[in-house]
Amino acid sequence: QILSFFKQAEPETQEISRAAELLETTLHILKSRTPKRNKRTIMIKDHLSMKDLKLIANLSGCLPYMQPPICPNGCLARKYRTISGACNNRNHSQWGAASTALARWLPAEYEDGRNQPKGWNAGLLYNGFPLPPVRDVSNNIMQTSNDQIVEDDSYSQMIVDWGQYIDHDISFTPQTTSKASFVEGVDCQNTCENLNPCFPIKIPPNDSFSGTRDCLPFFRSSPACFTGDEAVLFEDLKMLPQRQQMNALSSFLDASTVYGNSPSMVSKLRNFSSQEGLLAVNTKFTDSGRSYLPFVSKTPSPCAQDPRDAGGERIECFMAGDTRSSEVISLSVLHTLWVREHNRIAKALKKLNHHWTAETTYQETRKIIGALHQIITFRDYVPKILGADAFDQYIGVYGGYDSSLNPTVSNVFATAAFRFGHATVSPVTHRLDEKYQEHNNFSSVSLHETFFSPWRLIKEVGGLDPVIRGLMVNPAVVVTPDHLMNEELTKKLFVLSSPGALDLASLNLQRGRDHGLPGYNAWRKFCGFPTLESQADLHTVISNASIVQRIMDVYGHPSNIDVWLGGLVEDILPGARTGPLFACLIGKQMKMLQEGDWFWWENSGVFTQTQREEFEKHSLSRVICDNSGVTEVSLDPFRLGRYPEDFFPCDQIPGMNLDAWQENLNEERTQCGSPTKIEHGDFVFCSSPGKLVVMYSCYFGYRLEGAEEIFCTENGWSGDPPLCKGNGHLIHVTW
């Protein structure tokens, strides 16, 4: 139940998911029923016209999402990014947008060429060997006892949690909305057969999971509605194109973890009663006067409850810009810090600019928070992961916006490369007191005891602070061939909240096969590395002879190795935390996210030079100081700090001066006065060459009637403000 709950996207995305499933299933049923002539299958294209395909796409619900969105053309088009990420690139408006397909850097390798995952058909051989069941791979190669992990001597657990947090900002592939096979109607929870969308993980004999079940239920990822040029698109549909998976989020580093990716999510997350553009916070509990995240509205939620207080008040799952904010308490901590930071900055900006509306204050703050996510990630995080040499090779100095770069997150990045961090997770969540010692009242807990347990932050008095301290002074785990993933993740995943444990290593491997990711050697070739054809070749990139032998015993041939495992076991690059393959794939993706984003903080015209200089002074340490009760921090929370020698009082930690955002009222604004406010909506000022413009917008659930823009003229405002009416859905791309 809980895994399903957190793998479901927002209602708008679920609607697209259902439409894509209907379209794909319909086309495949039509294909299966096309007659054969002289033992040759007649192609769908021989029976369906363009009109027929459009009708099928429309009836499925996919057609509206297959076409480019209507992009705003007003003066705000280059002032604030849309909430969905659409229209960032004016020539390719769907690049990087939420609820579109993950990018394919190499074609998918499905067993039927179009849809069936790798491992779907029993007996199929790869390079003369059957593909090993993922649980066999996990048991024989991945699993490590909690006592055998190797601690990182350079980096803290904070770097691991930041990686997870940022991953949740740029990618989320929801699982299918259907819980039963499309044709047979079999419940995926109750079958060990491969019946789309059921792709269960087989449990081998003598497995620690065996005895009570023969397989672990696994739902395929949701497909995406096909997008592109209409003429090409429908020609492709005739040929039954390969299944593509959906990214429910915008691909951009835009702090969607804080703000969401849809108008409906924005409406839940904002505090519209505030004139300061604030985000909503918890109204029932506080953390020594500081805010917690609000709870989800749908109750009871599936989050775990305090086992010692069975009759006590329920603590529901948290609500944030990303639905996975309650996965572990350390992730909840980061989400909470950034909501507090938004509200802190918004209040300060409103004091500096009394004339700003709530909408302006919200948008300007959102823009700042997004920039801080970009800076901390590229300045403080990515160079440590890739190492200096690989960072310079794949990313280097910012070269400006490049409209030819597609920033859409790639399938291999989201499904394999950026999941390297799963192997660096500590099996223990540490909670420390003001002197960075084990807390007397809130002892450290095993990782599995923090899964979906927001009650630990609220009911175990102490809030965020003990967890933050633990993240800064306790080490991450080093990936070595002998220590790939601790048993908290391979044997106890979700055990508190779900009947039966799961295995994250098996889930990652099965997900890669579900997506048809090409194997390890195909990606080495993509990155310009030599392919490996023998056990001796493997030794050139994996120095540990034992792991090489185990890999060959399980897979039979290097080309059969799943890319996630292959990238994980390569020898780590000097000064890095990944091997060559993942450094290449992560580096290439990060470059595209940076230079393919018009709203990147360094791009000319997004911020002033003074504002950019202020950004450079800010840090995650400053965010912690400003939004928690922690009074001493390390200068770089990602580096493993020793207390007290590596820690500084918060009053010695620099930060940005928000005076750089103070706006002077110009003569035109004084001349025309303040525009009329509207019910169920708001406005922002926007300057165009030679004129002052006010742009109106309606809150989610209301439609705008009247002029969206009014202008300041010598006779006052050019017209009456619009109205926000009804309960209709917004029909244009919104900020």
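**Notebook: buried loops, cis prolines and helix packing**

I began with Ser-99, which counts as buried because its relative accessibility is 13%; buried here means under 20% relative accessible area, exposed over 50% and partly exposed in between, with a 1.4 Å probe and protein chains only. Before going on, I noted that this is a predicted model, in which local features need pLDDT of at least 70 and side-chain atom pairs count only at pLDDT 80 or more, while totals for chains, interfaces and linings use all residues. Residues are numbered from 1 along each chain as its sequence is written, and side-chain values use heavy atoms, with hydrogens and water left out.

**Backbone entries**

I looked up where Ser-99 sits and found it in the loop between α4 (63-66) and β3 (100-101). Helices (H or I, at least four residues) and strands (E, at least two) are DSSP runs, numbered from the N terminus. Phi of Ser-99 is positive, near 65°, and the residue is not a glycine. As a reminder to myself, most residues other than glycine have a negative phi, and most peptide bonds are trans.

Ala-255 went on my list too, with a positive phi of about 60° although it is not a glycine. I found Ala-255 in the loop between β10 (246-247) and α8 (256-259), and its relative accessibility of 0% means that it counts as buried.

Next I checked the prolines. The peptide bond from Asn-196 to Pro-197 is cis, with omega near 10°, and Pro-197 lies in the loop between α6 and β8. The bond from Thr-299 to Pro-300 is cis as well, with omega near 0°; I placed Pro-300 in the loop between β12 (290-291) and α10.

Phe-209 is in the loop between β8 (201-202) and β9 (215-216). Phe-209 counts as buried because its relative accessibility is 7%.

**Helix α3**

Which residues of α3 are buried? In this helix (residues 50-60) I listed Leu-53, Ile-56, Ala-57 and Ser-60. They cover an arc of only 95° around the axis, so they are on the same side of α3; the arc is that of the directions from the helix axis to the C-beta atoms. Lys-51 and Leu-59 are exposed on the other side of α3. Just after α3, Gly-61 has a positive phi of about 100°.

**Helix packing**

Helix α6 (residues 157-170) packs against helix α10 (residues 329-352) at an angle of about 70°, with the axes 10 Å apart. Axes are lines fitted to C-alpha atoms, for helices over the stretch in contact, and angles run from 0 to 180 degrees between N-to-C directions. I therefore wrote down α6 and α10 as roughly perpendicular; angles under 35 degrees count as roughly parallel, over 145 as roughly antiparallel, 65 to 115 as roughly perpendicular and the rest as oblique. Among the α6 residues in the contact (heavy atoms within 4.5 Å) are Trp-162 and Tyr-165, and α10 brings residues including Leu-334 and Trp-338.

I then turned to α10 and helix α11 (residues 358-386), which pack at an angle of about 130° with their axes 9 Å apart. That makes α10 oblique to α11. Trp-338 of α10 is one of the residues in this contact, and α11 supplies Ile-368 and Leu-372, among others.
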